[in-house]
Amino acid sequence: MTEQQQTAGVLPVDDEGYVIDSEDCEERETAYRERGESRPITVVGNPVLHRECKDVTEFDDELAKLVDDMFASQRTAEGVGLAANQIGVDKKVFVYDCPDDQGVRHVGVVCNPKLVELPAASRVLDDSNEGCLSVPTAYISVPRPDYAEVTGQDEKGNPIKVRGTGYFARCLQHETDHLYGFLYIDKLSKRDRKDALRQMEEGTPRYPVVPNE
Ligand SMILES: [Zn+2]
């Protein structure tokens, strides 16, 4: 019998196997973003946002560079989460820097995320306002479960589980949706969607965006 080699993940895990992503947030986020270069954000209508991204299969330097650029771009745009297709890259990876319902900051990276289906009976919906860097200046109330879990891999390819509450739960769902080609406005009624697009028309983004053709 061979002893299975335990690969150390990028982040430590708790007793239940979830990543501990609330420690050393400032140092970790700074290190990523200082290595990275900020890129402009794609907006609704750009095809890369409206189709499923490709799975990450190579956990190499190119991916590390992408993650660094995503943290840099997220900071420039003052976002709490960013999916790769929001900087025009067709890969299933998102980064986050987001507070939970207790105000605790979480910083991390998820590749190939899958939302864990939770029993409907345990779901508590929260109808806070939601916005998206790819729908600049628009905010609309969207009901979502106030707790979420995703499984996926870290940027080295180790399997991970991430869980979150409150705004962070919203973020995990929102970013996973992005990588499957969905924006939050796709969940809205026709009227609310129109309202969001009108808000976007009327506003001016505070960060660089990629113009649509
Ligand atoms: Zn978004």
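The model is predicted: local features need pLDDT of at least 70, side-chain atom pairs count only at pLDDT 80 or more, and totals for chains, interfaces and linings use all residues. Residues are numbered from 1 along each chain as its sequence is written.

Strands and helices here are DSSP runs, numbered from the N terminus: E over at least two residues for strands, H or I over at least four for helices. Two strands pair if DSSP finds at least two bridges between them.

Strand 2 and strand 3 (residues 93-99) run antiparallel and are joined by 3 bridges. Leu82 has Val95 in strand 3 as its bridge partner.

Now helix 2 itself. Its 16 residues should span 22 Å at 1.5 Å a residue, and its end C-alpha atoms are 23 Å apart, which agrees. The expected span is 1.5 Å times one less than the number of residues. Among the buried residues of helix 2 are Leu63, Leu66, Val67 and Met70. A residue is buried if 20 or more other C-beta atoms, placed from the backbone, lie within 10 Å of its own; it is exposed at 12 or fewer, and partly exposed in between. The buried residues of helix 2 pack against helix 1 (25-35), strand 1 (41-42), strand 2, strand 3 and strand 4. Just after helix 2, Glu78 takes a positive phi of about 55 degrees.

The largest nonpolar core has 48 residues; Val67, Met70, Ala84, Val93, Phe94, Val95 and Val110 have the most contacts inside it. A nonpolar core is a set of buried Ala, Val, Leu, Ile, Met, Phe, Trp, Tyr and Cys residues joined through C-beta atoms within 7 Å. Elements giving two or more residues to this core include helix 2, strand 9 (147-153) and helix 3 (166-179). Val110 touches Val93, Phe94, Val150, Gly152, Ile160 and Val162, leaving out residues up to four places away in sequence.

Finally, the annotated site. UniProt, in an unreviewed entry, places the feature "binding site" at Cys132, His174 and His178. These three are spread over 47 residues of sequence but cluster in space, with a largest C-alpha distance of 10.1 Å. His174 lies in helix 3. It is buried, because 26 other C-beta atoms lie within 10 Å. Beyond four places in sequence, His174 contacts Gly81, Glu130 and Tyr184. His178 is also found in helix 3, and counts as buried with 25 C-beta neighbours inside 10 Å. Beyond four places in sequence, His178 touches Ala83, Asn85, Gln86 and Phe94. Leu183 sits in the loop between helix 3 and helix 4 (190-202). Its contacts, not counting residues up to four places away, include Cys132.

Definitions and conventions:
Two residues are in contact if their C-beta atoms, placed from the backbone, lie within 7 Å. UniProt positions are given in the numbering used here, feature names are shortened, and annotations may be inferred rather than shown by experiment.
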